[in-house]
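Subject: Structure handover

Hi,

Here is the structure I promised to pass on. Please open it first, then read my notes below.

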Amino acid sequence: MPKSETEKTVSILRGLNTEQREAVTYTDGPSLILAGAGSGKTRVLTHKIAYLIDRKHVSARNILALTFTNKAAREMHDRISKLIKHQIVDMRCGTFHSFFASLLRRDADKLGFSSNFSIYDERDQQELIKTIVSDNRLDGQKFSPSAISSRIGRLKNNMVSPEKFSESANSEFDEVIAAIYPEYQRRLRQSNAMDFDDLLLKPLELFQQFPEVLAQYQCWWSHILVDEYQDTNRPQYALLKALADQSKNISVVGDDDQSIYRWRGANIRNIWDFEKDFPTCKTFRLEQNYRSTANILAAAHSVITKNSYRMEKELWTKREAGDPLTLLLCQTGSEEAYKIIQKIQNEFYNHKRNFSDFAILYRTNAQSRLLEDALRREGIAYVIVGGLRFYERKEVKDVLAYLRAVCNPSDEVSVKRIINYPLRGIGDTTLQKIHEYCIEHQLSFFQGLERITDIPNIQNRTKERVGEFRYFISKYMTLLNSLSAFELATTLVDELGILPQLKQEGTSEALSRMENVRELLNTVYEYTQRNPQGKLQDFLAEVALITDIDKWDDRSNAVTLMTLHAAKGLEFPVVFIAGLEDGLMPLSRSLDNDDDIDEERRLFYVGATRAMEKLYLSAANERMRYGETIPSKPSRFIGEIDDELMEADTSGVYIPREMYYKPQETEIPVQKRQANKKQMRPGILVRHLQFGKGVVKKVDGHGDDQKLDILFEEVGLKKVVVKYAKLEIL
DNA sequence: AGGCGCCTTTTTTTT
DNA sequence: AAAGGCGCCT
């Protein structure tokens with residue numbers, strides 16, 4: 001055994017540079033790893049964990065690794081398994097929010113919640129605040145739910161409790177907040193729901209009120225590692241400080257130049273002050289960049305050094321200078337899109353690149369539209385990360401609200417959302433009457449429904465309908481334990497008759513809604529496959545915290561479009577940063593505040609350092625915003641780049657479509673043959689919208705219940721339900 | 001009482 | 001350019 005162990009240890013350290021190796025092997029006590037863009041930060045983190053397990057005999061279950069996205073967590077998990085050459089099953093690796101959500105599930109009752117609590121996203125929060133505003137007869141115009149929720153969110157991020165805040169409120173708006181904030185928290189509790197901020201604040205509450213619980217966790221998580229530390233907020237910092245208080249074995253990895261979430265409460269001081277907070281801390285600097293050419297790095301550096309305060313570090317590379325950056329100056333946004341796509345075609349044809357080598361990054365999601373149009377026109381496959389998020393689409397939220405209501409009938413927002421969807425003839429007036437009755441009698445909304453017969457001034461016919469709705473939900477509540485999450489969801493959707501209704505509508509919008517509902521059911525199915533014991537509430541908890549980047553498939557051969565924020569942590573051979581105009585990047589709202597400008601500059605830096613070989617920057621002279629044409633000038637950030645690193649685009653050569661176009665590889669199917677109309681049998685080639693091409697291996701069942709095992713080229717063996725998978729027979 | 005259509009506002013980034 | 005709010009009509 002010792003022999004193989006040494007071999008493994010050697011292989012764990014092999015290929016690391018001196019600084020990386022020092023950071024990896026420093027395992028006792030706090031450490032701060034300042035890792036510049038492309039300096040192998042994920043590598044250090046994964047190797048360090050592997051080293052802990054393999055060399056220091058730390059049990060995987062005592063290691064807690066916190067990342068920024070679920071995707072990063074998954075990848076880290078896989079990479080560690082590869083390094084130590086066996087699957088690690090019991091290591092905790094996830095985002096702050098998902099980790100603490102599951103921690104809360106265990107101890108929710110201690111805080112007056114039950115473990116099936118709902119997780120409210122921003123829309124749900126605003127919905128709840130809207131009802132509170134109207135309950136208090138406040139002017140909804142003057143006090144918009146979004147303004148209120150963002151103010152409350154900011155207070156929560158700064159760990160200001162309702163009690164503390166009510167003492168300091170001194171403006172009219174603050175008085176309103178002081179009134180709504182405690183009521184908002186009360187209603188969340190009554191709904192057995194937590195918002196994203198609560199997922200971090202409630203554990204702190206738990207640790208304060210139950211020190212023995214904290215002590216247990218302190219002992220359990222003997223080694224804590226945190227990625228993207230520059231983007232943690234105050235509650236996250238407090239949680240780390242609490243959990244690491246005994247062991248002091250905390251390693252944080254980050255780069256203050258890449259701190260881009262200040263608006264969400266991230267506190268760059270967390271990384272600036274880490275050495276003060278953990279005085280015995282050892283600091284490591286990773287400054288060798290392995291990702292980008294020297295030109296790209298120099299350009300990024302010339303911009304970021306304009307920031308007023310930074311931690312001391314400078315990236316360097318052994319790589320050659322590479323191509324200069326190319327600046328595309330355009331008249332309009334559409335011309336910009338056209339030129340970008342032209343460059344992609346050019347690179348594809350002349351440099352033998354794949355479409356997956358390209359990323360187009362932009363500041364705001366609204367910018368994707370023109371780019372999409374251009375890509376579609378040219379028949380180039382693309383994927384968009386973000387934008388209208390899947391789980392925020394109306395039809396998806398509707399179905400999720402049903403599932404949430406069944407799991408947690410106290411959930412006021414969800415129950416109100418679906419009580420009249422599909423239309424049941426229960427209108428606002430009835431809703432208001434029930435709501436007032438509930439307030440008066442201190443009931444949750446669902447309890448109000450249960451006592452509908454006692455509520456005055458509602459027509460009997462309407463009361464019957466409310467009764468039917470309540471019965472519908474109760475029926476599924478009793479099925480929670482006997483049906484799998486998937487069975488319950490499909491039965492429920494079938495009984496609602498949403499799909500046939502949408503089909504009858506027939507518009508392309510209705511059809512896409514239908515697809516989305518099916519896709520959701522398919523997600524439930526995959527979840528049940530992955531977690532046979534998984535409860536519906538676990539599925540709901542998972543989807544509440546999932547993001548689009550988590551679902552992004554980097555293996556599909558398509559151009560990737562996303563915001564600069566979403567691109568954090570990724571890399572691409574060729575990167576375009578579009579819309580580099582003052583007012584858009586940096587965004588106009590940040591123009592009169594130096595701290596905000598600095599953050600925009602970091603955002604530009606993050607974007608630029610995603611590029612490995614070639615970076616294109618583009619700007620337009622005029623741009624449509626809010627349906628208005630606004631004249632604009634190139635971003636100040638472009639001016640901050642040394643001229644000799646950059647060349648203006650002069651080519652303007654258009655390469656005809658036939659020259660580069662390879663239909664069999666990139667064609668987006670125009671006519672899809674629906675698979676469920678055909679007889680499925682093993683051996684048939686199919687294409688799944690998400691998983692790509694695959695071959696049917698096994699067929700189970702018939703008709704609507706038919707399930708298939710399909711071996712996909714890129715993602716391996718998956719089980720799918722014919723009815724819900726959008727399969728195309730090839 | 002509830003449904004439908006016109007007119008307003010709105011988006012910066014997202015766990 | 002799209003979504004939500006408001007008011008009018010059934």
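A word on numbering first: helices are DSSP runs of H or I, at least four residues long, numbered from the N terminus. A residue is near a strand if one of its heavy atoms lies within 4 Å of it. Please also keep in mind that this is a predicted model.

**DNA strand B**

How many residues surround DNA strand B? The count is 26. The closest are Arg363, Gly427, Thr547, Arg589 and Tyr626. Helix 20, residues 428-441, gives the largest share of this surface, with four residues. By class, the surface has twelve polar, seven nonpolar and seven charged residues.

An N or O atom in the side chain of Asn365 is 2.9 Å from a phosphate oxygen of DNA strand B.

**DNA strand C**

The residues around DNA strand C are Arg123, Lys130, Arg369 and Tyr626. Three of these are charged, one is nonpolar and none is polar. Tyr626 is also listed among the closest residues to DNA strand B. For Lys130 the distance is 2.9 Å. For Arg123 it is 3.2 Å.

**Gln190**

Gln190 is found in helix 9, residues 172-190. Is Gln190 buried, partly exposed or exposed? Gln190 counts as partly exposed, because its relative accessibility is 25%. Beyond its neighbours within four places in sequence, Gln190 is in contact with Ser410, Gln442, Leu443 and Ser444. Glu571 is 381 residues from Gln190 in sequence, and their C-alpha atoms are 44 Å apart.

**Helices 10 and 12**

The axes of helix 10 (residues 198-209) and helix 12 (residues 234-243) come within 9 Å and cross at roughly 35°. The crossing is left-handed. Helix 10 brings Leu200, Leu201, Pro203, Leu204 and Phe207 to the contact. Helix 12 brings Pro235, Gln236, Ala238, Leu239, Ala242 and Leu243. Of the residues in this contact, ten are nonpolar, one is polar and none is charged.

Best wishes

Definitions and conventions. Residues numbered from 1 in each chain as written. Chains lettered and ligands numbered in written order. Predicted model: local features only at pLDDT ≥ 70, side-chain atom pairs only at ≥ 80, totals over all residues. Heavy atoms only, no water. Polar contact = N/O pair within 3.5 Å; in protein donor to acceptor, adjacent residues only side chain to side chain. Helix = DSSP H or I, 4+ residues; strand = E, 2+ residues; numbered from the N terminus. Nonpolar A, V, L, I, M, F, W, Y, C, P; charged D, E, K, R; others polar. Buried < 20%, exposed > 50% of the residue type's maximum accessible area, 1.4 Å probe, protein only. Contact = heavy atoms within 4.5 Å. Axes fitted to C-alpha atoms, helices over the stretch in contact; angles between N-to-C directions. Left-handed = near helix turned anticlockwise from the far one by under 90°.
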